[in-house]
Amino acid sequence: MAETLGLVALAASNPIVPAPADVDTRRSGTAFDIRTRIALGDYDIQGSASAAGIARVHLHADETANGHHRAKILTETFQIAKGLISRGPDDADLDLASILLAPAEQVYYGGMQAFTGSLGAACDTVNDGRSFADAITPSALADIRSLREKNSAQVTAWRGRVVEGARLDPHPAFSGAMLVGGADGDWLVGDTLIDCKVYAELNVSTLRGFLRQLLGYVMLDLNDALAIRRVGLWLPRQGLTPTWSLEDLLGGDPEELLPGLREGFVAATSQRQVAVHVPVSERRKLQLLADNRHTPQAMLLALALGDDADLRFRVGRNPTTSRNTLDTLSADHYAHVRKGVAMNPATPPEMLSAFDQDTSMTVRRAAAANPRTPRREPDTRPHALQQSPVTATGLSEITQELVQPSAEQAAALPADLVQIRQDRDRDRADLGMLQQLIHLFIGRPLDGRARLPLPRASRIWAGLDDRTIDVPASLTNGLPDAVKHALMHTDQPSHIRRVVATTLPIDDVTVRTSLFTDNDPDVRWSALKRSTTVLDDAMTKVLRELASSRAVRVSFRDQGVPANERWYTSAEYNREVLALVASHPATPPDTLRELIKENASEVLTALAENPALDDEGAELLASKILSARSTDTRVSVAQSHRVRHDMLVRLAQDRSIDVRRAVAWNNATPAVALRALADDKSMVVRLEVLGNSNLPSEVATELAKGLLTSASDLELLDLLESLGERGDVTLPGALVEDAVDRLSKSRVRNPDLRLEAAEHPGAGLRTLLRLARSSDQYVRRAIAESPRTPESILAMLARDDLAAVRRSTASNPNTPEDALTALLLDPDLDVRIAAFRNPAADTAEQTDPDEITDEIESAPRPTAALIADLHQQAAHSHAEVRLGVAFNPSATPDILAFLGGERRSSRVRRAVAANPNTPGHVLSALADETDLETQHSVAFNSATPIETLVNLAGRGSDLALLVALNPDVPMPVLDALTRDEDPLIKFVALTVRAERAFARTSTSTIEGAGTR
C-alpha cells in the first residue's frame, strides 16, 4: 500500500534544502510556514497563533521559572516582527520576522512546556527583544531564504490558481475540531487540503502519519462544509508537493463513504452527537471576558498586558478593572486604549485630570465627558527663577522670517487664487499626529522610519497605488528658527513645546536662559539634563544658584505643575536636582566639595561619578562613603560603572558582604579587584565574581571547579546559571553532571530544584532516570516534557499510571513511535488529543484571523469577485466583508457611495475615504465626519476635490499639513498654503513646492538629454 501511494519513493527522495546542523529545525519549520502565509498575502499578525501565544505566556508567566522575563522577551520580539512586516515587501525583513514569530506560535500550539527548554534558555540569556533578534544566526536566516527561493514556483502556482478563481483558505477551520481539542489545517486551495511538513529526513512511517493526520482533518469536516476531495503534503526541503484523491485513499466514492466514516470518527472520540459545532472565535471569547464585570482581576490584567489594542480598550472601559490595571492602560501608546480608561465611570478623578494634557483629542474629549472629571483652573504662579518675559525668553528677539522663495518664484505665485481660512480651531487638531510630524521634521521619527503618520486605510491604498508616504528628505533636516519660536509660544500644546525645546541649541546662553525660566517644568528639567555638555560661566552660575537653595531647586522642578499632578514629594524633587548638580561637569569644585556634606545616596553617588571633582574632594568623598554607617550609599557607588577604579578597589575590601557583592557584579571593576574577590570568604561574593565578564577565564575556571564541589541548593543553581552564560569556561563533563545530580537531590521546593535539574543540559542519564521514577507527578512531567530525555525513559513514562504524565509524554516530539501509537489509543481523551497533535507539533498551524486590526499595514488581497458579488458583499452583516469590498480595486462608484454612507462601521468608511476610486461628492461628505482618521484619509486622497482640500486645510493644522504633504495636491492649494499665517504650515508647503519644482526640472533635463 505504501508503495502504491508513492510513500516509498517520497521517503527515498533527497532534500534540495538540507537542514543546517546549527539550526533549530523545529523552529525553522514553524518560521517557514509563517513566511509562506505572508507570501500568500493573507497573514494577519494580530489574529495569528503567534499573537495568541503571546497572550498565553502572559496568562501563565507565574507558572514558569523566570516566566515574566521570558514573556517580556517574546512580547518585544513580536513587536519587532510586527514592525518588520509593516515596512513592506522586503524579503530579508519578512524572513527575520517569521523567525521572530515562530517561538510564540510554538508556545500557542505546544503549550507552556514549549516555553521551557531551549526557548526558555534563549530568552534567559538576553535582556530584551532586540538582543534576542540580534542573536538569530545567519545560518537560520539563510535556511528560510533557501526554502523560500527553492519553493517559490509552488507558491506562485497557488497564487495563479487563486487569480483564476480557485478558493484559497489559509486557515481552514473544521466544525468538529473540538472533538480532538482543537485543530485547523494549513491551507485549502480549491478542493485540496495542504499540510506543510518541513522535514529534512522522511521515512514511510512518518509519511503514513502525515496522511493519517490529513484524513483526520477530513473527518473533522463533519458537515462537508469545506468539500475537501484531495489532500496533499508540501515538503519544502524536498521541493515536492504530492497530492492524493480521497477516492484513492478511501477506496471508493467519498460522497458515499464520508458520512458513515465521520459518524464512526465521532463515536470513537466518545462524543454523543454529530451535530456541527460552530465555536466562538478565540478573539471573541477574549472580548467577552474583557467586557464582563465578573472576570477575575488576574485575567483582566493579563488581557491588559497583551498586544490586542481592542482588548486593552475593553479592559480600560470595564468598571470593575482594578486601579493598578487602569494605571497601566492610561499610559498605553494607543489613544484608543487610553480613551477606554477615560470613558470608564470608575476611573479615579486624578487620572481623568491627567488626560486633559493627552496628545489625542479623542482621549481629551472622552475624559471631559466623564462626570467624574474634576473641573480646575491652571496654576499660573511664577516660579522662583522666572524673569521678565523679554529678558527670560530671549527667543522673542529671534527673527520670525521664514525661508522665502526667490523673487522669480514669488512673482510666479498666483495671487489669491485659493483662499484658506486662518481661524483654525486648535482644540480639534490631532495633537498626536502633530507631535509625530514634528518628530519627523526634526529628524527623530518615533518609530525609526521617515513615514507619514497616516491612517491604516491610507497606508494600504498608498501601497496599492504605489504612492509614496515618505516624508520629503528636505523636511527631515530640522525646523527653521522662526518655526521653532512659533511652536515654543506659550499658547502651544505642552507636548509640542517639549519636543521643540529639545532641538534648541543648549550651548546658546540666551536660549538656555529661556529654557531654564520656561513656565513648563518638563521643559526646564529637560534643558538642565541636556546641559551636561556645557561648561561656560553662565552654566556654572546657574548650578551654583541651584546648589545654594533648597527652595530654588524645588521651585525649578515642580513650579507650574498642578497639585493633583505632582507625582513626587518636594524632598524627592530636591534630591533629584541635587544629584544632577552633583554630576554636572560645570559645577565648580568648591560647590562639589560643599555637596559632600549631603547624605542622600544618589547625590554622593553622582559626586563619585563626576570627573570634575578634584583630588582633595575625591579623598573627602571617599572617606565619607567608606565610613558611612549605612551601606546604601556604598552599595550604590559600588554598582556605578562611572566611578574611579581606585574607589572600586577600596570598596572591594569593605566589611559589608552587600558592598563587596556589588563590586563583584560591576563590569567596570578592574581585574585586580576581581582576583581578590575570587578568594572572598563569602560564597555569595565568589558566585557574583564568577558572573563578571571581566574576570579572566583562567581565574573563572579554577573558581568554578571549587564552587561546583562546595555549593548546594540555590547557590548551586545560581552557579550553574552563571556558567551557562560564560563561554570561556571549560569544565569536565563529569564534574557538571555530578553537580546537577546533587541539585536534583535538593529538598528546596521554592523553586523546586528537582525541576531545575531536569531542565539542565548537563543532566546525566542516572539523574533523568531517578527523577523519572519520582513519586512527584510534576517532576515526572518535567522529565516527560524535556527534549533531552532519551527514548527509553519516554517509553517508560508513556506507561505512567497518571494521565497527566502520559499527556506530557504524548506531547514530546521525541517520544518513540511505538509509545506514541499506544498513546493514541489511551483511555484518557486529553492524552489521545496530545498524541493526535504530536505529529504536527513542529509545523505551523494557524488560528482563524477573523478580524482585520488597525495595527496591520499589509493590504487585504483583492479578489476577482464579480460586480454582482461585490454588491451582495457590500450589504453583508459582517464589517470585515464590507471592509474587503471597500479595499477592492474593482468596487464601482455606486458601491463605494453606498459604503461611504453607512453608519455601522467607521473602519469601512475610512477605507472608502482612502480609496482613490471614491467619487468626489462622497469624499466631500466623508470630510464632514467627526472621526479624525476619516478626515485624514480624505486629506491624503489623490481624488479629493480642490474645494474639499481647501475646506479641510482651514479646519486644523494637522489637516493643513496632510494636505500640503499629499503628493497629488493641486498647485493652487499648495500655493495658498505657502502664504499661510501658521509658520509650520508655511514652511512645509514651501519645502514641498520646492521639491516639486526640482523634480520637474530634473525630469525635463533627463527628457531633453534623451532627445539629443
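## A buried tyrosine and its ring partner

Tyr 199 has a relative accessible area of 19% and is therefore buried (buried means under 20% relative accessible area, exposed over 50%, and partly exposed in between, with a 1.4 Å probe and protein chains only). Phe 210 is also counted as buried, at 1% relative accessibility.

This is a predicted model, in which local features need pLDDT of at least 70, side-chain atom pairs count only at pLDDT 80 or more, and totals for chains, interfaces and linings use all residues. Residues are numbered from 1 along each chain as its sequence is written, and side-chain values use heavy atoms, with hydrogens and water left out.

## Aromatic pairs

Rings of Phe, Tyr and Trp (its six-membered ring) pair if their centres lie within 6.5 Å; planes under 30 degrees apart count as stacked, over 60 as edge-to-face and the rest as tilted. By this rule there are 9 aromatic pairs. In one of them, the ring centres of Tyr 199 and Phe 210 are 5.0 Å apart and the planes meet at 70°, so the pair is edge-to-face. Tyr 199 lies in the loop between strand 3 (192-196) and helix 10 (204-220), while Phe 210 is in helix 10, 11 residues apart from Tyr 199.

Ring pairs also join Phe 32, Trp 158, Trp 187 and Trp 234 into a cluster.

## Charges over rings

A charge sits over a ring if NZ of Lys or CZ of Arg is within 6 Å of the ring centre and within 35 degrees of the ring normal. The charged end of Arg 467 is placed over the ring of Phe 940, 4.7 Å from its centre. Arg 524 lies over the face of Phe 556, with 5.8 Å to the ring centre.

## Two helices in contact

Helix 49 (residues 867-874) packs against helix 51 (residues 893-900) at an angle of about 5°, with the axes 10 Å apart. Axes are lines fitted to C-alpha atoms, for helices over the stretch in contact, and angles run from 0 to 180 degrees between N-to-C directions. Helix 49 and helix 51 are therefore roughly parallel (angles under 35 degrees).

Helix 49 contributes Ile 867, Leu 870, His 871 and Ala 874 to the contact, and helix 51 contributes Asp 894, Ile 895, Phe 898 and Leu 899 (contact means heavy atoms within 4.5 Å).

## The chain as a whole

The chain has 58 helices and 5 strands, taken as DSSP runs (helices H or I, at least four residues; strands E, at least two) numbered from the N terminus. Of its 1012 residues, 53% are buried.

Definitions and conventions:
Parallel < 35°, antiparallel > 145°, perpendicular 65-115°, else oblique.
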